[in-house]
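Take a look at the model below.

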Amino acid sequence: QVQLVESGGGLVQAGGSLRLSCVVSGSIIRISPVSWYRQAPGQQREWVAYITNSDSTNYADSVKGRFTISRDGAQNTVYLQMNSLKPEDTAVYYCKVERGGYWGQGTQVTVSS
């Protein structure tokens, strides 16, 4: 069973930064893309970014230029560096191992105006 544990969320003022981490059990991220998603209150979960096992990345238009996804295969960890945060980035952020569809429990990010 693959387990994912997100951390790094918190409360930050608009314009600030946070770095989220997603630690994945085992070594599946060496063969599977990993994505970050987010879900704001009353909204559907939306895709934010993904990274492949060859470090190709892609981003939703709403975060392009502000967020950076990266991974450390040796540490089985995927990161989401979030800069220039806006109140509309407030959500619970989840990571997902695409191969097999494994989700973490989420970490709350709140951006105050």
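Leaving aside neighbours within four places in sequence, Tyr 93 is in contact with Glu 6, Leu 20, Trp 36, Tyr 37, Arg 38 and Val 48, among others. The list also includes Phe 67, Leu 80, Met 82, Gly 106, Thr 107 and Val 109. Keep in mind that this is a predicted model.

**The nonpolar core**

- The largest nonpolar core has 29 residues.
- Tyr 93 is one of the residues with the most contacts inside this core, along with Trp 36, Leu 80 and Met 82.
- Strands E3 (18–24), E4 (34–39), E5 (46–51) and E7 (67–72) are among the elements that give two or more residues to the core.
- Strands E8 (77–82), E9 (91–97) and E11 (107–112) also give two or more residues each.
- In soluble globular proteins, nonpolar side chains tend to be buried together.

**Aromatic pairs**

- The whole structure holds three aromatic pairs.
- One of them joins Trp 47 and Tyr 50, and this pair is tilted. The ring centres are 6.0 Å apart, with 40° between the planes.
- Trp 47 has a relative accessibility of 28%, so Trp 47 counts as partly exposed.
- Tyr 50 is also partly exposed, because its relative accessible area is 29%.
- Another pair, Tyr 94 and Trp 103, is edge-to-face. Here the centres are 6.3 Å apart, with 85° between the planes.
- Tyr 94 is buried, with a relative accessible area of 13%. Trp 103 is partly exposed, at 34%.

**A charge over two rings**

- Arg 45 lies over the face of Tyr 94, 3.7 Å from the ring centre.
- The charged end of Arg 45 also sits over the ring of Trp 103, at 4.6 Å from its centre.

**The disulfide**

- Which cysteines form a disulfide? They are Cys 22 and Cys 95, with sulfur atoms 1.9 Å apart.
- The link of Cys 22 and Cys 95 is right-handed, with 65° about the S-S bond.
- This pair links distant parts of the chain. Cys 22 is in strand E3 and Cys 95 is in strand E9, 73 residues apart.
- A search of the whole structure finds one disulfide.
- Are the two cysteines buried or exposed? Cys 22 has 0% relative accessibility, so Cys 22 counts as buried. Cys 95 is buried too, with a relative accessible area of 0%.

Technical notes: Residues are numbered from 1 along each chain as its sequence is written. This is a predicted model: local features need pLDDT of at least 70, side-chain atom pairs count only at pLDDT 80 or more; totals for chains, interfaces and linings use all residues. Side-chain values use heavy atoms; hydrogens and water are left out. A nonpolar core is a set of buried Ala, Val, Leu, Ile, Met, Phe, Trp, Tyr and Cys residues joined through side-chain atoms within 4.5 Å. Buried means under 20% relative accessible area, exposed over 50%, partly exposed in between (1.4 Å probe, protein chains only). Helices (H or I, at least four residues) and strands (E, at least two) are DSSP runs, numbered from the N terminus. Contact means heavy atoms within 4.5 Å. Rings of Phe, Tyr and Trp (its six-membered ring) pair if their centres lie within 6.5 Å; planes under 30 degrees apart count as stacked, over 60 as edge-to-face and the rest as tilted. A charge sits over a ring if NZ of Lys or CZ of Arg is within 6 Å of the ring centre and within 35 degrees of the ring normal. A disulfide is a pair of cysteine sulfur atoms within 2.5 Å.
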